[in-house]
Amino acid sequence: MTGEKPADLTPGDHPTPRLGDWSYRILLALLLGTGIAGVTRVWWAGMGMWKDEAGIANNLLRSYTQLTAHLTYDQVAPVGWLWLEKTLLEQIGSDDRVLRVPAYLGTLTVFCLGTWIARRAIGRAGAVVVAALLVLSPMLWVYAAEVKQYAWEAGIALCLLVLAAWAHEALRWTGIQAAIRGWWRPVLWVAVTAVAVCVSFSAILVVAAITVALAGLHLLRRARADAGWLALLSAPAGVAAAYLVYRRHQYSFYPHQTDYFIGGTAPAGAGPGEFLRWFPFMWGKFVTAPMSWQLPALVLVFMLVGVVALWRRDRLWSALLVMVFLAGVGGGAVRGFPVVARPAMYLIAPAVLLVVAGLDGLVRASVALFRRRRALVATVTSLVLLTGVAAIARPGAELVPQEFAHPLGKDGLAAGLADIAPLIQPGDKVLVYYFGNAVTTWYKPLLGIDTGVYHVRVCQVDKPDAKERQLYDLIGDAKRVFYLQGQLSNVSPKDQFEISMRALGAMGTVKERHESPNDRIGPHSWALVELHQVPPVPRPTRTGDPCLEIY
């Protein structure tokens, strides 16, 4: 595809021992098969949505045109991805698994294309190690089963890298007649890159990165016409990206959204000194999440060695992977796109590829020592290198088996709603802890809950009592109320459920109480209260006895 010789046969290198055809195939089949089966299990487990997922799902009930504007529930997502999700909702149904299909396919794409790129760029042994490290990436598992765009975007990033590898040879300027005869090639590039920036935020950075990488390689061989042709073909995607960014900035942002992911963006107004301090802090955060690794300094060393090793073997893949990383760090530096946590999942596979390329380069060097009859040094060096990579990846390797055995949910409120749905009688009221607003709004019609549902919180000491009195008016004619609580916000007390029970107990008798604050499917607790005195007598003092109010 790139005009380069296969990685295992690069002249002048000292090849590592080559895996036989069957050994290679069996190892890859076991690794990828395990990863695909495990991610499928997590996706099929159908854990209830948490706040952000339900916020996206509720927005999908709006029109396609409305999805291009500001989203409710403080959500932000690529408009093309939202349109895809809305189409799935309308054409297939509202099952949680249906809406999570794009994320699920995104993770599978990362597994498969990441391994394919490793085979092309590093070799068979490298492909096996890359497959293992990708399969042992917990965030790829977790976000394969969420109605969030991050795993999808990770898959789109690798699709663009593969497209770039093809375009390096396929999109050369050989004259207008040749361009007309092979019209489908430039059309394919224009179409795929333009669509990519519409369905993925991070694709804006990736398209810019691969364009610069390919144009730079052309300029290195003084093929200015090829570089100009590629830049011209990338212009439509650039225009589309600029318009999407402009339109997004016409609407409000979540408060402090730019700094929501700590370390993901440089400090506002940062100068050279602040940037120098930010990078190591950011790098440590990046290695922790999304990579789920440790030893950030060692990771950086492996990656830098990987850049050099790849450049010697295949300049194309070295340039592409380096530019993707530079674009990602640049996005964080200008405070445009975080380079840590879940938004940076598109960098998981590039990071793995560079680390394994570094490992491969160092192992080749140790094999060269072996060939010079320094067997002990070569053996020890290889073992140390493999131990280093194993140590780097240990945190993720410990989490993935747990996720495989028992997929974890973030919020079990959907399960709590399912528990009480058949118990609700005419005249009952349902009170839900306010952080579950989006989840309740989504699941209420799906579970057939048609009674009054109100979102509440503990009374605010420094606020008027109007919201408290509003709650008493709403539930005053009810004989029973259900209280449900799922995931807590970071500003709520850990004993939120106990406080709520004390507030409701002042108005009646708690007949049933079910607490699961640390359940596998996510935190969810609920209670059934028979009301006797609304409002309670005496009225809560707020500073002493707790009370609830409408949120």
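**View 1. The two assigned domains of the predicted model.** The domain assignment, which is automatic or taken from a database, divides the protein into domain 1 (20-253 + 266-405) and domain 2 (412-550). The C-alpha centres of domain 1 and domain 2 lie 42 Å apart, and their contact (heavy atoms within 4.5 Å) takes 15 residues from domain 1 and 12 residues from domain 2. This is a predicted model, in which local features need pLDDT of at least 70 and side-chain atom pairs count only at pLDDT 80 or more, whereas totals for chains, interfaces and linings use all residues. Residues are numbered from 1 along each chain as its sequence is written, and side-chain values use heavy atoms, with hydrogens and water left out.

**View 2. The packing of helices H13 and H14.** Helix H13 (residues 272-288) packs against helix H14 (residues 296-313) at an angle of about 90°, and their axes are 9 Å apart; helices here are DSSP runs of H or I with at least four residues, and strands are runs of E with at least two. The axes are lines fitted to C-alpha atoms over the stretch in contact, and angles between N-to-C directions run from 0 to 180 degrees. H13 is therefore roughly perpendicular to H14, a term that covers 65 to 115 degrees. On the H13 side, Trp 283, Gly 284 and Val 287 meet Pro 296, Val 299, Leu 300 and Met 303 of H14.

View 3. Ser 525 lies in strand E5 (residues 524-531) and is buried, with a relative accessible area of 7%, where buried means under 20% with a 1.4 Å probe and protein chains only. The side chain of Ser 525 reaches the backbone nitrogen of Ser 516 at 3.3 Å. Leaving aside residues up to four places away in sequence, Ser 525 touches several others, among them Tyr 483, Phe 497 and His 514.

Definitions and conventions:
Angles under 35 degrees count as roughly parallel, over 145 as roughly antiparallel, 65 to 115 as roughly perpendicular and the rest as oblique. Buried means under 20% relative accessible area, exposed over 50%, partly exposed in between (1.4 Å probe, protein chains only). A polar contact is a pair of N or O atoms within 3.5 Å; within protein, one must be able to donate a hydrogen and the other to accept it, and residues adjacent in sequence count only if both atoms are side-chain atoms.
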